Amino acid sequence: MQATRRPSRFRTETGKLTAVLGPTNTGKTHLAVERMLGHRSGIIGCPLRLLAREIYDRVVTARGSGQVALITGEERIVPERPRYYVCTAESMPLDIPVEFVAIDEVQLAADPERGPVFTDRLLNARGLSETMFLGAATMAPLIRRLVPECDFISRPRFSKLSYAGSRKITRLPGRSAIVAFSAAEVYQLAELLRRFRGGAAVVMGALSPRTRNAQVALYQAGEVDYLVATDAIGMGLNMNVDHVAFAGLSKFDGREPRDLTAAEIAQIAGRAGRHASDGTFGTTLDVGPLDPEIVGAVENHLFEPVHRVYWRSSRLDLSSVKALIRSLEAPPPHAELVRPREAEDLASLRALANMPDIAGLATTYDAVELLWEVCRVPDFRKTVADLHLRLLSALYRHLMSPSGRLPEAWVGRLVDQLDRTDGDIDTLATRIAHIRTWNYIAHRPGWLEDRAGLQKRAREIEDKLSDALHERLTQRFVDRQTTLLTRRLKQKEALVAAVRRDGTVVVEGEDVGTLIGFDFLPDDAEAWRRGRALRAAVRQALEPEIRKRAGALATAPADDVTLDEFGTLKWGDAPVARLIRGSHIMRPDIRLTVGDLVPATARQRIERRLAAWLHAHLQTVLAAIFLAREADVSGPARGVIFQVTEALGSVPRKAVAEQLEGLPSDDRSGFARLGLRLGRETIFLAPMLKPAQMAMRALLWCVYHDQTIAAPDAGRVSLAGDHTISDDYYAAIGYRRLGRRALRVDMLERLAAELRRRARKGPFTVDASLLNLAGCTGDDFDGIAKALGYRASRSDTGPEVLYAAPPKRRQKPYRSKKKKSEREATQPTHSPFAALRALKQNKTEDRT
């Protein structure tokens with residue numbers, strides 16, 4: 001099917017279109033570069049900035065720097081009259097006519113995030129003489145439908161790729177690349193290889209080209225025999241790799257984790273065995289063997305074809321922000337094209353458009369166009385959305401000011417903050433990500449008075465940070481210092497150890513773990529378990545720090561200690577103890593969770609401090625209970641208070657009905673002052689129904705009964721009754737189960753009172769006010785009403801359900817609880833009962 005496409009100066013109906021498809025290691029990219037150099041001009045679009053830099057260096061070597069331009073999102077090297085352009089796909093200049101155009105890795109058109117860009121290039125990017133699409137054979141059927149005039153060339157793989165099974169990481173052969181799918185996993189694997197195999201180079205897409213090239217040079221030169229990388233190596237990066245081992249078979253795709261497809265596994269595994277050298281692939285032992293069907297597909301290059309690719313309209317309506325959003329959401333014109341999930345730039349556009357001042361500025365064609373350019377500033381930092389939006393909104397406000405430029409002082413201040421090489425690997429990587437954002441901004445035409453100055457400044461900072469990052473990576477993952485540590489451990493020599501301010505424990509210059517609160521967490525549990533000298537050095541380093549922290553906790557203000565909803569006591573952010581069952585539900589004990597590195601004297605000081613804090617905390621939260629217990633009331637009233645407080649603040653009225661009979665009015669007044677409410681259904685302490693108190697009631701019950709149940713959200717008048725949770729739990733936290741719901745006791749009293757009021761007037765129906773009181777739907781209300789004794793019946797005139805008051809119980813006549821002899825003795829002598837008693841007595845005497 002012929003695709004309808006927008007006009008472009010790239011497009012031509014006369015240029016030859018060729019799709020060069022096949023697996024990895026078929027020389028597709030090399031062919032495209034050679035074809036480009038055979039023309040007077042050309043552009044090649046690459047999937048990665050790293051690959052673009054690699055090809056740029058290669059073309060510069062062949063043609064000279066004056067004839068080659070490099071254009072990526074945050075790097076732009078453009079001589080005065082370039083003939084060849086090496087770009088990332090997103091940065092290809094679509095308004096420059098050239099003889100040759102190549103798009104590498106066109107199968108990325110099926111990627112949910114980057115797919116729309118590659119689809120657009122597939123449909124619209126054309127060379128005047130020749131256009132070449134490079135990618136996997138799975139794209140062939142779809143390209144035939146979308147670009148029917150295209151010719152096809154199939155490229156066989158130069159070498160054989162075979163499955164080698166699963167192996168321990170420490171048993172992998174030399175010249176292996178281990179692939180993980182997060183920076184944390186990459187660092188962990190590289191650390192393991194450093195300890196057991198002498199070191200590893202690290203390659204990730206987030207690294208700057210300078211850092212990446214330096215790390216690859218370590219590997220290529222043989223200084224390290226292993227490479228740990230993300231799936232970035234699957235996109236055309238050529239290194240001398242003999243084996244690829246997968247340390248994971250799933251990746252986070254920007255929204256959620258998902259399993260790798262067979263084609264993705266093949267793309268990465270294909271890095272093994274370059275040119276005529278055969279290669280192998282497999283998994284690490286903890287991942288387990290690959291599915292035989294996947295193995296067969298990878299070895300034989302047989303994969304499901306791509307049927308659909310992601311598309312977003314490039315015909316943008318910039319007449320207004322709403323029109324722009326509509327155009328970006330336009331439906332695809334063909335069945336093979338599908339809309340992607342909302343991209344970061346569109347999400348940013350929506351958010352900025354909702355800001356009143358931004359919306360007030362974006363009212364003209366040029367203003368909307370500028371807003372869209374600002375929204376396309378990528379978040380290399382991967383910060384939370386609000387922080388990135390804050391930067392974008394600031395950029396747009398400055399650019400819409402009368403000067404129409406970003407203030408040099410403002411930009412300079414933000415950029416200068418990044419000109420630091422201190423910090424660890426993550427800190428340096430974060431700064432590089434920040435400077436990449438400013439690099440991108442520096443290359444936007446018309447945004448700065450001194451674009452060249454900011455470009456130079458940003459490039460200098462990036463190079464400085466890249467060198468520092470390479471140094472940190474080498475220090476951490478190459479065995480120069482590890483050799484010394486290993487030798488001293490084997491020789492049982494004394495090790496130099498210390499604790500940094502951030503809690504990092506350092507032995508012989510190597511980070512070995514972190515002290516969190518009073519608990520030491522080793523970076524390598526296995527090395528910690530078997531390294532006696534290491535443990536001794538850490539204990540020596542921690543002893544003064546533990547004593548110092550124990551002293552600080554012993555005198556710390558109460559606000560420094562907290563108790564979370566799971567019963568964990570924390571000092572700052574560090575867990576130090578947890579609550580366990582004590583002798584009484586309101587007297588839980590504590591158990592320290594600190595490690596065995598804490599000496600006995602320090603443990604005792606910590607326990608005493610935490611016990612004192614917990615006692616004071618319970619006295620504060622449960623103040624209503626302790627105040628009620630100390631009230632000056634009569635014996636029966638004291639009995640009521642005892643039962644209510646033992647139940648954490650509420651009991652059914654029938655449980656204390658005997659004590660309530662004949663209760664003096666003074667005691668009732670005292671109850672009111674204490675907040676003790678004498679309801680018809682429940683006797684409860686009103687202060688114990690506040691959110692903090694109810695959360696504490698739930699926690700105390702769970703600790704005492706060794707269960708984990710989440711406390712109800714604050715303000716909930718009723719809950720869905722969970723049949724797996726006992727009635728005792730609901731009663732302990734101030735609720736009562738009625739039917740399928742559990743009602744808070746104060747709302748139960750209000751509901752019961754309203755039901756009694758309505759029932760006095762006869763049968764009644766349920767309305768919204770009753771449902772609001774009960775916090776439930778009509779279906780659940782029936783169970784509540786029946787639990788309170790009300791009878792349900794169908795109305796004769798409609799579908800409504802009528803509720804009637806429970807039948808009145810026959811009241812037994814009051815009878816004193818005095819013994820019969822005591823009652824008779826108090827009766828007057830002239831009463832008829834006295835005469836009857838005398839008559840019975842005389843008859844008894846006569847019989848005797």
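Leaving aside neighbours within four places in sequence, with which residues is L622 in contact?

1. L622 is in contact with M586, M688, M696 and L700, its neighbours within four places in sequence being left aside. Contact here is heavy atoms within 4.5 Å.

2. This is a predicted model, in which local features need pLDDT of at least 70 and side-chain atom pairs count only at pLDDT 80 or more, while totals for chains, interfaces and linings use all residues. Residues are numbered from 1 along each chain as its sequence is written, and side-chain values use heavy atoms, with hydrogens and water left out.

3. L622 also belongs to the largest nonpolar core, which has 76 residues; F518, L569, L610, L622 and Y729 have the most contacts inside it. Such a core is a set of buried Ala, Val, Leu, Ile, Met, Phe, Trp, Tyr and Cys residues joined through side-chain atoms within 4.5 Å. Helix 25 (residues 691-705) supplies the largest share of this core, 8 residues. A second, separate core has 67 residues, among them Y226, L328, L391 and V411.

4. H615 lies in helix 20 (residues 600-621). H615 counts as exposed because its relative accessibility is 51%; exposed means over 50% relative accessible area, buried under 20%, and partly exposed in between (1.4 Å probe, protein chains only). R587 is 28 residues from H615 in sequence, with 8.2 Å between their C-alpha atoms.

5. Mean pLDDT (the predictor's confidence in each residue, from 0 to 100) is 85 for the chain, and 89% of its residues reach 70 or more. Over residues 1-13 the pLDDT is below 50, yet this stretch has 47 contacts in the model beyond near neighbours in sequence. Where pLDDT is low, the predicted coordinates should not be read in detail.

Terms used
Helix = DSSP H or I, 4+ residues; strand = E, 2+ residues; numbered from the N terminus.
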